[in-house]
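Good morning, and thank you for making time for this item. I would ask you to have the sequence and the structure in view while I speak.

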Amino acid sequence: MAAISSNLLYLNTHRSPPFSQNQSWFQSSTRIKPITVANIKAQASSRKEDIVIVGAGIAGLSTALALHRLGIGSKVLEQAVSLRTGGTSLTLFKNGWRVLDTIGVGNDLRRQFLEIQGMVIKSEDGRELRSFRFKDEDESQEVRAVERRILLETLLNQLPPDTVHFSSKLANIERSENGEFLLELADGARLYAKIVIGCDGIRSPIAKWMGFSESRYSGHCAFRGLASYLEGQPFEPKVNYIYGRGLRAGYVPVSPTKVYWFICFNCSSPGPKITDAIVLKKQAKELVSNWPSDLLNIIDRSPDETISRTPLVDRWLWPAITPAASNGGVVVVGDAWHPMTPNLGQGACCALEDAVVLARKLANAINSEPASIETALSSYEAERWPRVFALTIRANVVGSALQWENQLVCSVRNNVVIPKLVRLGPLLEHTNFECEPL
């Protein structure tokens, strides 16, 4: 790997000696496990960093790890006091696994999660409408549901110990006179960065600073949970979908002892945020009270802390209307740029794709003078925009179609479209993604 050009970067974090306790503007995070709190310490003088990533979610940690594999250091700022390990699980298709293999964590995760063999679609009365085997449709397909907590911890464990810094909430970002970006944190700390990567989710302050609109509510909300079977869960490794009128649900084994479930329902507005797990569980069960008993039993087996209710949102990246993905040396990745509804299972997969594409573009620019960082960021957008724009719209359309309430339309869907017309192969074409080694 060629040396990083000194006129592009202020310092090489891999060569710099560790900061002493009285020199550092922050205290470094410790390794998993356990996760410990690291607080940023405000200092009188500002620090300078080459690349700062805002947000330690899937997008942020995978971007940092992809850069690390290419020999480029970064600092990740996370506003929470530790990894945000809430949430349940996410489904990764072969495009996600190709990225995880590329950044070196795929096999670690495979050992912990079941490979899903296929899917079964049922009506609300329990009648099977159709079943598929993934390998029959695409021999190269790989599907696993992964616990979000374990995915984040696995990514973090592969990073240098001083990469991620918690309790580091971004309060303001400004462009300085010399082209750097001044990041002001909530505790008063200040740092300058040449490149800022916004991986801070659907309510991204970075995206707001760049002029992006708020994410748009899709008209649907979802209950989610993670059931626990200490004695071993009883289900085959298949995705199970149940379709009703304006309502659908699903569940999938994650591991030998855990099963992920969801219920998606139409709702004219997101409604108030509810955190009381007893209320959430009661509401979820009321929606599907007459549905197959397996689903109700799974909900009952879910610990309170795993149950959530969230509105489903997205943002369509209209050409010539939506802001660009980069502004100078600032760029957005994952949900900060293209939040999408979960109907295709591609939100996390696309964030992982973004990470390796962006890392490769930046590495080429940094190590190949006189390539421009801004040109590299524009190239990242040009490569990624056609894919994420199409997937965002497709996910929305699929979700809307599956949430039909009209009785006649639902009857046609259940008796004609799903049993006789649907082909899984074309529906999975979007999981084709070539991920070259870093």
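What is on display is a predicted model, in which local features need pLDDT of at least 70 and side-chain atom pairs count only at pLDDT 80 or more, while totals for chains, interfaces and linings use all residues. Residues are numbered from 1 along each chain as its sequence is written, and side-chain values use heavy atoms, with hydrogens and water left out.

Let me begin with the overall make-up. The protein has twelve helices and 17 strands; these are DSSP runs numbered from the N terminus, helices being H or I of at least four residues and strands being E of at least two. Of the 438 residues, 53% are buried. Here buried means under 20% relative accessible area, exposed means over 50%, and partly exposed lies in between, with a 1.4 Å probe and protein chains only. A contact requires heavy atoms within 4.5 Å. Taking the contacts between residues at least 6 apart in sequence, 77% join residues at least 24 apart.

I turn to the salt bridges. A salt bridge is counted where a side-chain nitrogen of Lys or Arg lies within 4 Å of a carboxyl oxygen of Asp or Glu.

How accessible is Lys75, buried or exposed? Lys75 counts as buried, because its relative accessibility is 4%. Asp162, at 31%, counts as partly exposed. The two side chains also make a polar contact of 3.1 Å. That term denotes a pair of N or O atoms within 3.5 Å; within protein, one must be able to donate a hydrogen and the other to accept it, and residues adjacent in sequence count only if both atoms are side-chain atoms.

Next on the list is the pair Arg133 and Asp136, whose closest N and O atoms are 3.8 Å apart. Arg133 is partly exposed at 42% relative accessible area, and Asp136, at 58%, counts as exposed.

The remaining pair is Glu142 and Arg144, whose side chains meet at 3.0 Å, N to O. Glu142 is buried, with a relative accessible area of 12%, and Arg144 is buried at 9%. Salt bridges that share partners join Asp101, Arg110, Glu115, Lys135, Glu142 and Arg144 into one network.

Rolling a probe the size of a water molecule over the atoms shows where empty space is left. On a 1 Å grid over the protein atoms alone, a cavity is a set of points where a 1.4 Å probe fits but cannot get out, and lining residues have an atom within 4 Å of a point. Grid points are joined across faces, edges and corners, and a volume is the space filled by probe spheres set on the points. How many cavities of 30 Å³ or more are there? The count comes to one. The largest cavity has a volume of about 40 Å³. Its lining consists of Glu115, Ile116, Gln117, Phe134, Lys135, Gln141, Glu142 and Val143. These divide into three nonpolar, two polar and three charged residues; Ala, Val, Leu, Ile, Met, Phe, Trp, Tyr, Cys and Pro count as nonpolar, Asp, Glu, Lys and Arg as charged, and the others, Gly among them, as polar.

Now to strand S8, residues 170-175, where Glu174 lies. Glu174 is partly exposed at 39% relative accessible area. Its side chain is joined to that of Asn172 by a polar contact of 2.9 Å. Leaving aside neighbours within four places in sequence, Glu174 is in contact with Glu180, Phe181 and Leu182. The C-alpha atoms of Glu174 and Tyr192, 18 residues apart along the chain, are separated by 9.5 Å.

I close with two backbone angles. Ser167, in the loop between S7 and S8, has phi near 50°, a positive value in a residue other than glycine. Ser167 counts as buried, at 19% relative accessibility. Ala320, in the loop between strand S15 (308-314) and strand S16 (326-327), has a positive phi near 70°, and this residue too is other than glycine. Ala320 is exposed, with a relative accessible area of 88%.

Definitions and conventions. On a 1 Å grid over the protein atoms alone, a cavity is a set of points where a 1.4 Å probe fits but cannot get out, and a pocket is an open set with protein on both sides within 12 Å along at least five of seven lines; lining residues have an atom within 4 Å of a point.
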